[in-house]
Every structure is written in structure tokens, then in C-alpha cells.
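Hello,

My notes on its helices, cavities and pockets follow.

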Amino acid sequence: MENSEGVKIESTVVTEEPLISALDIALFVVIITVAYFWYFKRDKQSSSSEKKPNTIQPSSLSSIEQTSNSSFIKKLKSTGRSLVVFYGSQTGTAEEFAGRIAKEGARYKMKGMVADPEECDMADLVEMKEIQKSLAIFCIATYGEGDPTDNAMDFYEWLQNGDADLEGLNYAVFGLGNKTYEHYNEIAIYIDQRLEELGATRVHEIGLGDDDANIEDDFVSWKEKLWESVCSHYGIEETGEESNIRQYKLVDCSEVLPERIFSGEISRLKSYENQRFPFDVKNPYLSKIAVNRELHKSGDRSCMHIEFDIDGSKMRYDTGDHVAVYPKNSSELVDKIGELLNADLDAVFSLLNTDEESSKKHPFPCPCTYRTALTYYLDITSNPRTHIMKELIEYASDPKDQEKLKLMASSTPEGKKEFHEWILRDNRNIVHILEDLPSVKPDLDHLCELLPRLQCRYYSISSSPKVYPKSIHITAVLVNYTTSTNRVNKGVATNLLAQLIPTNDELPQPTIPIYIRRSQFRLPPKSQTPIIMIGPGTGLAPFRGFIQERDYARKEGREIGEMVLYFGCRKKDEDFIYENELQEYVANGTLTKLHLAFSRDQPEKKYVTHLLEQNADELWNIIGEKSGHLYVCGDARSMAKDVHSIIVKVVMEKGQMTNSQALNYVKKMEQQKRYSADVWS
């Protein structure tokens, strides 16, 4: 995000006789104006430079040399490398894939480096042709509604707006997406095509990873064929050497002063003790939990209404935004790893990148204790990917455990089947693997290098800042389930939140780090515009904020348009969340209609999609005749797709259009932001 500041200049009319001439005044004004703009421009440039990502640089570097630090070409040339792998990553997976490709380059006599496009001058791609047998690979995720990730935004815009001559650039692209979303791998596909348009040579066809299926399998399959294409294109052969070279080296930090040791901060040391605005992904706000109450009336499931206190934080949000919550792993699982590996979890260590040219010095904030790393920085509850299986082989003392790991690390049909069944289907995490393969005893520092970063969790904000300017509300279902191995897996964030219960005012309130992520899920600019909201289960969350905002406008005396809500849950007397609030909005006229579907309150299951089909006239009246807006929030895999099909059908029938015309009509609604979806898989 770029911030701009406007300066307002006020003039004062002087009624007394001036002591100097009008010409003197004019000259004086000109001089002051020139001086002002010279100073403002210099200040703006200085301010702009301060907004660049922080990098560790020797203090002796001149400003010119510091600027060249963003030149990946110079790094490639000075270190004798020919392979650069860029990543566009929101959750860390694309960055992980990029690292694996760069590491494997050594097997093909291509020394590689990983690069963050946000920290590079991507215009230097035109100079890649100066490096013999060079190759640029892009691991790019598509995020949100077909958007680039934050760190790839500038590169994406450069490609869109520029016309650089990229002849001589050899490249390949792997995309990370999810087929349940409409804009599947849109950014990767665009980059792949745009690079070719600008004259670059595609060495291997684009790979499209589907996170809804098995993105690890997609990546490994694509990567194997990539290296075949690379060998063919450059006339080189694989060395055959398996490279298990460590990317980071262990540093003993037992002598480091306690105040220099990280204890869970995301980026800045002691940031939770000394909070500084603005708050973002690298600098979250430590918010107090003001309210934590159960929404379900009965049953064995739990849904929490949680309110984060942001009073005094200067944080601002809009209705429809998301809040990111930084979780931590359970102490039980962390202790189990220490027990299984017979490790001292309170030992202080650091992992230092062996590549001195890399801008990423550590995989997570260092130095810290192993306990801190496993609690705050590393994901120990997700299913490990195949490269971790491969790295664990050398630590298995039992031949049977070795063979099992080798099989799962392989790309053979048998290996893929074993990995799918033993890891994915049985939902094993790294703790389960170490339990079930008892001879596998990896060095704890190596394990910390291999495990992915623990990511923040995003929740739709279920409140309006007009009504609750000092708090952020979320609606979250507690995640607990039993696997086929009879283990209970727990959601990292929701199980932590369930424990954070506010106490009386005399005791310190529980806290958790958060920040606000902006969204395009917005109410129409005009309060009179009619809207339809479709949100079963916790899909109701953002619509609670929508309704609050329209209710606020109504109470102010403004005219508000029709508001129609479709909500569904299992049973009315069990999980009808916010029932009293919704009924009150119906009674006071803010909510025009409330369509309810309780799927298990009758012999045949009834869902919101059934209600939509029954109310075709109402749907068309609002989205067709009155140009209203339609919103969908919830499950992307089935519900959102079914809703889309129903809307197209309604447009066909009530709008008297062909299937093609109806699809175009709905597409235009999406482009005009009249059809918006906030969905997850």
C-alpha cells in the first residue's frame, strides 16, 4: 500500500497598508514556493526510501552501492550462478517450492538462488541473456479473486505496464492455485503468456498446481519434466548426484543475552512489548480478547463469537475486511517432539543461511529457543511434503523405516499411492511420523529448517466499524476431528482461541497478535441499492457486519435498500447462530427477508440452494430489474459453485436469455462488483 500526504496551504488577507511593494511580495512568494517544493520533493524521496523493505547492509556502502543491492543480475554474476527462482507467495508454499528447485539445480550444473521479486529490480530480466545458459523460473501463487500475492504485485504491474525486450531470457513458470476458485492460477498463466509476448523463450510448459487436490504431486511431476526440458534445451546431462546440502547452518547462541533472543515476535525484536503503529503482516497488534462466547445452543460442536479490542491501536477496518490471527502450537505437541528426539527445547540457537548472497538470512526470527521455534514459527500440524520424507531417510536406523520413507519420497505410482494413503488420507503430521517410525531421529535443527512456517489464519470480520469502531468481531467454528489412526487433530488457531477467555477486570486479559487484511467484499456505495446475501453456517459472518451497517444508516434517517438474507445450518435449536439479532433486524425493517434452511430438521435435507431455486422471481427482481448486488460467503467447493449455477439458470429463465447470454450477464455482474464471493475450500 502506498500512502500519500496532501499539504493544505492557507492564505491570509491583510487589510493594513503593506510596508513593501507588490513586486517585493511577488518575488518573496516565488522564492518561498520554490524553496517549499524543493524541500517537499527531497522529503518525499527520503520518505519513499524509508518505505522499502529492510535489508541488512554494511554501513560502509554508498547510496549507489545500496541501490544496486536489488540487482539480482549482479549477484548471479558475482557468484557464478545461472539459475534464479522467483516466488510469489502468500502462505510460504511457493517460496518453499522455489527453494527446492534452486537446490536441485546443482544436479544439472546450474548453481541457483532464490529471489523475492519485491526485493529485486525486475527490469534486470533484460540482462539475463548476458549470463551463459541462464534460466529464470517463477513459482507464482494466485491469491484472492485472481490477484497477485503481495510480494509479486510490483512485478505483475511492471509486466502489465511495461514493454521491455526480453529476447534471450529463458524461463519456466509453475503456478499455485485452487480449482474451487473461479480465477484458477490466473496470475501464473498471465505471467507465462506475457513473458513470451515480450520475447522471452519458454523452456518448459507452465505447471498448474491445484491445492484442492494434491499440489505436492502436481509440483513434483512438473519439476521432473522441467529438468528433462532443461537438459534438452541446454544440451546438458544430470550429474546423478543427490543433493541433500543444508541451506542453513546451526549456530550455538547459548551466550547471547536474553534481551537479544526472540520469544515469538514475527519480525521486530520485542515488538509485542513496544507496539508501534502501523500494524501489518510483519508487525501485528497484540489485541486483548474482550468477548469470547459460545453461539451454539446445544450439540457436540462449538462456534465462538470473539471480539478483539483495538481501542487505542489506531487500527481501522471496513465492513467486509478480514482479520489475520497469529496462532501458536499446543505445548503438548511441542513437548512431544522434544521427548521423541531427546532434545533440550530450551537451548538457544540460530540458523544462518549458507548462501551469503541471500537476502533471507534466517528461516524464522533468530536467535531463539527450540521451544519458541516449534511453538510460534513452525508448522508442526500439517501434512509434511515429500521432500521432508526424503530428508528424513538418512536419520532412519531401521531398514524398514528407511524403505518406507524412500518409497514415499519417490515419484513412482507406488510411492505416490503410499504417500497419499499414509500421510494425506491418515492425516499424519510430523509428530505422528516420528511416533510411527521410531527409528527416525533427525537433528532438531535440521527438522526446524525443513518444516514450513506457521501461517496466520484469516477470518471474515463479522462487525461494522460504524457500530463497533473499537473492536473487531469474528465467528469461528472450533476444529476438532478424529483421524483414521484414532488420533484427535485440533485446529491450531481455533483451539487456541477457545482457551482465551476474558476474566474480571482485576486480572490481565488474554491477548493474541492480529492485523487487518483489506478485502474487495464491499457493500454498494449507495445505501439504497438492494442486496441479496447468501451465507450458510459461518458464511453469515461478513453479512452480520453488512446488516449492522445498513441498520446504522436506517437509524440515521437514511433510506436503505432491500436486504435479503439466505442462511442455513443443521438444526434450528442447535446451531442457528445470531438468531435473536437476525429476528430483531427483521422486526425493525432493516432485514427485508430472512430465508432459512435447517438441513436436518426434516427427513429430507434442505439447503439454501433449494430456497434459491424456489425464489427465482425474487432473485431476478433484485439482480435483474433493480440492478442489485449479490454476495456469497462460505464453502467454495460445492455451495458457491451450486449458487453460481442457480444464478445463471435464473438469469436464463427470468431474463429470457440463452445460456451464453446468461453466463455473460453474470460475468458482467462480477466485473461490476455486483456479484461478489468471499469463499474458502
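Covering here rests on contact, meaning heavy atoms within 4.5 Å. Helices (H or I, at least four residues) and strands (E, at least two) are DSSP runs, numbered from the N terminus.

Before the rest, the ground rules. This is a predicted model: local features need pLDDT of at least 70, side-chain atom pairs count only at pLDDT 80 or more, and totals for chains, interfaces and linings use all residues. Residues are numbered from 1 along each chain as its sequence is written, and side-chain values use heavy atoms, with hydrogens and water left out.

Back to α9 (residues 370-377). 6 of its 8 residues are buried, so the helix is largely enclosed by the rest of the structure. Buried means under 20% relative accessible area (1.4 Å probe, protein chains only). The buried residues are Tyr370, Thr372, Ala373, Leu374, Thr375 and Tyr377.

Helix α4 (residues 93-104) is also largely enclosed, because 9 of its 12 residues are buried. Among them are Phe97, Arg100 and Ile101. They pack against β1 (83-88), β2 (112-115), β3 (135-143), β5 (170-177), α7 and α10 (386-392). Length checks out too: at 1.5 Å a residue, α4 should span 16 Å, and its end C-alpha atoms are 17 Å apart, which agrees. The expected span is 1.5 Å times one less than the number of residues.

**Cavities and a pocket**

On a 1 Å grid over the protein atoms alone, a cavity is a set of points where a 1.4 Å probe fits but cannot get out; a pocket is an open set with protein on both sides within 12 Å along at least five of seven lines; lining residues have an atom within 4 Å of a point.

There are 3 cavities of 30 Å³ or more. α7 (215-234), α11 (399-409) and α12 (413-425) each supply at least two residues of its lining. The largest share, 3 residues, comes from α7. Domain 1 (72-234) and domain 3 (329-454) each give at least three. Lining residues of this cavity include Asn214, Met408 and Phe419.

The second largest pocket holds about 260 Å³ of space. Its lining has 14 residues, of which Lys466, Leu523, Pro524, Pro525 and Glu549 lie nearest its centre. Domain 2 (275-327 + 456-519) and domain 4 (531-679) both contribute lining residues, so this pocket lies between them. Domain bounds come from an automatic or database domain assignment.

Best wishes

Key:
Points joined across faces, edges and corners; volume = space filled by probe spheres on them. Buried < 20%, exposed > 50% of the residue type's maximum accessible area, 1.4 Å probe, protein only.
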